[in-house]
Amino acid sequence: MRLLKVATCNLNQWAMDFDCNLKNIKESITRAKEAGAVIRLGPELEITGYGCEDHFLELDTVNHAWECLKDILLGDWTDGILCSIGMPIIKGSERYNCQVLCFNRKIIMIRPKMWLANDGNYRELRWFTTWKQKDQLVEFQLPLEISEALSQTSVPFGYGYIQFLDTAVAAEICEELFAPNPPHTELALNGVEVFLNASGSHHQLRKLDIRLRSFIGATHTRGGVYMYSNHQGCDGARLYYDGCCCVVVNGEVVAQGSQFSLKDVEVVVAQVDLDAVASLRGSISSFQEQASCKTKVSSVAVPYNICQPFNLKMLLSSPQKIMYHSPEEEIAFGPGCWLWDYLRRSGASGFLLPLSGGADSSSVAAIVGCMCQLVVKEIANGDEQVKADAIRVGNYTDGKFPIDSKEFAKRIFYTVYMGSENSSEATKMRAKVLADEIGSWHLDVCIDGVVSSLLSLFQTLTGKRPRYKVDGGSNVENLGLQNIQARIRMVLAFMLASFLPWVHNKKGFYLVLGSSNVDEALRGYLTKYDCSAADINPIGSISKQDLRNFLRWAANHLGYSSLADIEAAPPTAELEPIRSNYSQLDEVDMGMTYEELSVYGRLRKIFRCGPVSMFKNLCYKWGGTLTPSEVADKVKHFFKYYSINRHKMTVLTPSYHAESYSPEDNRFDLRQFLYNAQWPYQFRKVDELVQELNGDKVAFKETGNHEKLGATAGAGGMGVVAAAAGDPKAGL
């Protein structure tokens, strides 16, 4: 037996905070060595933080990374342990995203990333170059300061692996695993048994299974030990990196770290038998045949044994059941951890939330409550960093610290119900009960006086006073009156966030939380600069349907039972007067349901559909209940309001990224914000298709031809929904 103990980790790095990042790296190496590991894997770009973005273009960023690496190598951190450390490196005129493989105070090899992540949230090609010379390792001249400090002038640079006396180890960096032809295939045929995947992978609802299946598949038919390391936490932007470091052996997970955690450093250790890898490969005839005629990959020889022989004191890590969170748990823990990182690193003293008693703002309140529970739980588990941060943020003195989540919430969380003459007593009470359950400092404010003052000023200026539609006013008057209320709430929220800490003799300021969901943003069903215009928004890319499921879950699992009543209430903005024959409802106002919005959003973003493609797909999905004309009307209605409201995305509150059809325009959804909202060409094409389909229906009825309508409807590539129609997991 060749026994090998390996360690991988989740690190909560902060972009451009080199002191914080270096401290976490050293702590992870220390823990790995204490556990007896001889390989330590860290996440991608761990020295700088992954989310530095255009800071990667600054020479200072690269220079500081070298300085931190030198600090590590001059100490005893790498003695007897192979450390894979991520950082940016400039070679000649190019900048590369690299893993630096260090051992016994020397750099053994530098492995540049060959396939860069450049879609969705990622723009690596903006900052880095892909390494294209796969046929050789080249010599890289180390910076003079590093060279003198290490007494090492150059190091092999490029695509290759490290050949120890008893095994071979190679890096495969993040996106490379998901490439059509991943490096691990070729490396395995060259005898590499241990793969090191340093990653910077963000959380997205229901995404973890895709990632883990890739690790399992990489070694299931090829054999091998696959190690995965990831960032964990908010490193300074909209993404939450969801950790889940793990070790997979021959297609089975033998060690798995947490997906959501407040810890700055988490190290996972596994004891593996490399002879099991050799045995599996030797039993597969096709592997043997392909290995015999492989393309040779360059290697770096290290005359050192890192394995240990058979020893009963070293127990092998056994396959374990993979830990998955439900989507409801992901909504609670992901944004909860993200909020904690943002709070403790922003210098703020807490959060302020306009709490309407509706589903969206109540979801945000529940997430903050969950965050408080996580903080108290982690302190009880002995995490000194969380404890120190909580003492500072909560302004505790005399050695006290949080031991009760409701008491902690009272210190760091304000909720404000800002009612008007259009608000109901039911929503007011729901907000009050939920605030009591969470423990927030709750205020009840009537904004009628402020609204009336503004209307009086307007009347003085113009001689006219607008009226609501139910009172005989026009659409323009009705919409304007709603917008006044919404924007007054935003101004009031920021005023309270600035002054309330001063009133209560607290240090600092409070961050205003927004509560607009992804479906409302997609449709533009929000007032520009209303109380959804906040500092940050933890639910900004979560769908209404997922939020309602979360509310039902949180009512039982977080202890906030009032959320069940909140979820059951029909969604309403309460911006128009309530009459015996009229009550404002969101879905009536929008002219579409939240369920329909989710379908539109997925087709528009995930399946890249314009109006014509969306119409064709929805004819399949909704053809059993709607006529082609009705489907066309719905598609036109959506695209009209999507396009006229797209400008609102330019000022959308920075939101936690959780959904693959988010319309957020900062990085994820790069589309213009000025449209011809009539879509004349596209809508004309839809109308032509409707006429064709209606004609086919007539022919279908007259001839009994059961094939003609299907053939016509199928033209133009409507396979997306057709493939997914019978499988709820397939897409729509």
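Contact means heavy atoms within 4.5 Å. Helices (H or I, at least four residues) and strands (E, at least two) are DSSP runs, numbered from the N terminus.

This is a predicted model, in which local features need pLDDT of at least 70 and side-chain atom pairs count only at pLDDT 80 or more, while totals for chains, interfaces and linings use all residues. Residues are numbered from 1 along each chain as its sequence is written, and side-chain values use heavy atoms, with hydrogens and water left out.

Q: Which residues of α2 meet α1?
A: On the α1 side, the residues in contact are Phe 18, Leu 22, Ile 25, Lys 26 and Ile 29. Their partners in α2 are Thr 61, His 64, Ala 65, Cys 68, Asp 71 and Ile 72.

Q: At what angle do the axes of helix α1 and helix α2 cross?
A: Axes are lines fitted to C-alpha atoms, for helices over the stretch in contact, and angles run from 0 to 180 degrees between N-to-C directions. The axes of α1 (residues 18-34) and α2 (residues 59-74) come within 11 Å. Their crossing angle is roughly 30 degrees.

Q: Is Glu 176 buried or exposed?
A: Glu 176 lies in the loop between β9 (168-171) and α5 (183-189). Buried means under 20% relative accessible area, exposed over 50%, and partly exposed in between (1.4 Å probe, protein chains only). Because its relative accessibility is 0%, Glu 176 counts as buried.

Q: Which residue has its backbone nitrogen 2.9 Å from a polar atom of the side chain of Glu 176?
A: Leaving aside neighbours within four places in sequence, Glu 176 is in contact with Arg 111, Pro 112, Lys 113, Met 114, Trp 115, Pro 182 and Pro 183. The backbone nitrogen at 2.9 Å from its side-chain polar atom belongs to Ile 173.

Q: Why does Glu 329 count as partly exposed?
A: Glu 329 is found in helix α9 (residues 327-346). Not counting residues up to four places away in sequence, Glu 329 touches Tyr 324, Gly 334 and Trp 553. Glu 329 counts as partly exposed because its relative accessibility is 22%.

Q: Why is the pair of Trp 338 and Tyr 342 tilted?
A: Rings of Phe, Tyr and Trp (its six-membered ring) pair if their centres lie within 6.5 Å; planes under 30 degrees apart count as stacked, over 60 as edge-to-face and the rest as tilted. The ring centres of Trp 338 and Tyr 342 are 6.0 Å apart. The pair is tilted because the planes stand at 50 degrees.

Methods:
A polar contact is a pair of N or O atoms within 3.5 Å; within protein, one must be able to donate a hydrogen and the other to accept it, and residues adjacent in sequence count only if both atoms are side-chain atoms.
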